[in-house]
Amino acid sequence: MNFITGTHLPRRTFLRGAGAAMALPFLDAMVPAARTRREMLADPTRLICVEEVHGQAGCNVLGASKHLWAPEQTGRNYTMVADNPMAAFEPYRDAMTIVSNTDVKMAEAFAAPEIGGDHFRSSAVFLTQSHPKQTQGSDIWAGTSLDQMYAKKFGQASPFPSMQFCIENLDQAGGCTYNYSCVYIDAISWASPNEPLPMIRDPRLAFDMLFGAGGTAEARKARSESRKSVLDWINTEVVSLKKQLGAADRVRIDRYLQNVQEIERRIKAVEARNMSGEPRELPNAPPGVPDSFSEHMKLMFDVQVLALETDLTRVISFKLGRDADNRVFPESGSSQPFHPASHHGGGEPRVLEFNKINKYRTGQMTYLLDKMKDTMVDGKSLLDSSMIIWGSPMADSNLHNHRRCPLAFFGKANGKLPGGVHLKTPDGTPMANPLLSAMHLLGMDDVKQFGDSTGEFSLTM
């Protein structure tokens, strides 16, 4: 409630300046006095979908025997070996639901000409669970993705019904190998079976989407070219707003603005370093993209949390790479490029080497979970009020196998997802089955079938 007038602020209040517009986090002043607890709990769950490409070392025969992905035990009393990439999430065990042994048959070859094209089908299947049409023309066809189905039903009231992000370069056009359009490997969000959505790689572009929507194009350009912070352009409005707020809201605003300023500072530091003339590890990447995978992931997670905190969007998809990527991740302890390491031949030393990369990449998710746990909106943490779907449409990368693929859920989904359990599906269960159950938990009860689903698989043991 407005500290002076007794009225409440709209949930989507913006502070505007020349070339900048900043949405606010949730404040006590935004809660009408007559709002009931039932109304507060009725807010749609926030949804984040994360695709990890090219499977996991724990999904081949040797890796599975060493429990490098799926724990040995099912139920709530499972244990994870230290080399299991999922062990990084032990502090979030109560907010994690591991689902093992699901198949993504829609990513397999259906006809002889499709054999070998797994890299160029898989990503399009992850959130659609539909088989992409083999074509390099404009007649692309996959399916409508889960995130877009949710956005159409629950995301339309947000300034951005959904947002799509990625880490690697996804700007290829035209045809890729095995007669597949490159769009199949470049998109995981599909507004319709023939409408893939573009993804944002550059943290600067993502940041400006959130905070550069005000004023004219010329004003936005002037702001971006100046050395001023986005906060400098809205300072007068900030001062005016804080005079209307109670003490607790003033603290929240200060903390939020400090967070925005720190993210902006880090982006500027990356840009300065990348435009200094020094050699880059990613010479073709935009100046705002860090050469460090970890730094890039953190910046993208920071922007995503800001977007959720301010209710600019409630639906996010995030693609972490490309199957055939040859990037090296020295911070993982491995000097092997990603794609060659994935073709490990099933031998123990090379499987364990690929697992080092899996542990490093998967472990980046803990940063997101930390941020969401510490970010409160309307009396609940973002982690409690969100569902995060993490998985891969491939299992054994060495064989390009799509059986027994990794899948996990994080968050409490506003109390609908208990967490703290490892669930193993019966052999032959489509990944679409637990995804269909997730859709129902999210309020999409009208969806009776999703992709090749054969029924639900309960996530609420």
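In this predicted model, helix 6 and helix 10 pack against each other through P203, A206, F207, L210 and F211 on the helix 6 side and H296, L299, M300, V303, L306 and A307 on the helix 10 side. By class, this contact comprises ten nonpolar residues, one polar residue and no charged residues. The axes of helix 6 (residues 203-211) and helix 10 (residues 293-309) come within 10 Å and cross at roughly 10 degrees. Because angles under 35 degrees count as roughly parallel, helix 6 is described as roughly parallel to helix 10.

The largest nonpolar core has 118 residues, and M86, M387, I388 and F409 have the most contacts inside it. Helix 10 gives the most to this core, contributing ten residues. Apart from this core lies another, of twelve residues, including Y180, C182, V183 and I185.

The strands form an open sheet of seven, in the order 5-8-3-11-12-4-13, with mixed pairing. Strand 5 (163-166) and strand 13 (421-424) stand at the edges with a single partner strand each, so one side of each has no neighbour in the sheet. On average, neighbouring strands of this sheet are turned by 15 degrees against each other, direction ignored.

| Strand pair | Sense | Bridges | A facing pair |
|---|---|---|---|
| Strand 5 and strand 8 (residues 315-319) | parallel | four | C166 and K319 |
| Strand 4 (residues 96-102) and strand 12 | antiparallel | five | T102 and C405 |
| Strand 11 (residues 386-391) and strand 12 | antiparallel | four | G391 and L407 |

Strand 12 (residues 405-410) is largely enclosed by the rest of the structure, because six of its six residues are buried. In a regular strand the side chains alternate between the two faces of the sheet. In strand 12, C405, L407 and F409 point one way, whereas P406, A408 and F410 point the other way, and all are buried.

With neighbours within four places in sequence left aside, F409 is in contact with A95, M96, T97, V99, M387, I388, I389, L417, P434, L435, A438 and L459.

Terms used
Residues are numbered from 1 along each chain as its sequence is written. This is a predicted model: local features need pLDDT of at least 70, side-chain atom pairs count only at pLDDT 80 or more; totals for chains, interfaces and linings use all residues. Side-chain values use heavy atoms; hydrogens and water are left out. Axes are lines fitted to C-alpha atoms, for helices over the stretch in contact, and angles run from 0 to 180 degrees between N-to-C directions. Helices (H or I, at least four residues) and strands (E, at least two) are DSSP runs, numbered from the N terminus. Angles under 35 degrees count as roughly parallel, over 145 as roughly antiparallel, 65 to 115 as roughly perpendicular and the rest as oblique. Contact means heavy atoms within 4.5 Å. Ala, Val, Leu, Ile, Met, Phe, Trp, Tyr, Cys and Pro count as nonpolar, Asp, Glu, Lys and Arg as charged, and the others, Gly among them, as polar. Two strands pair if DSSP finds at least two bridges between them. A nonpolar core is a set of buried Ala, Val, Leu, Ile, Met, Phe, Trp, Tyr and Cys residues joined through side-chain atoms within 4.5 Å. Buried means under 20% relative accessible area, exposed over 50%, partly exposed in between (1.4 Å probe, protein chains only).
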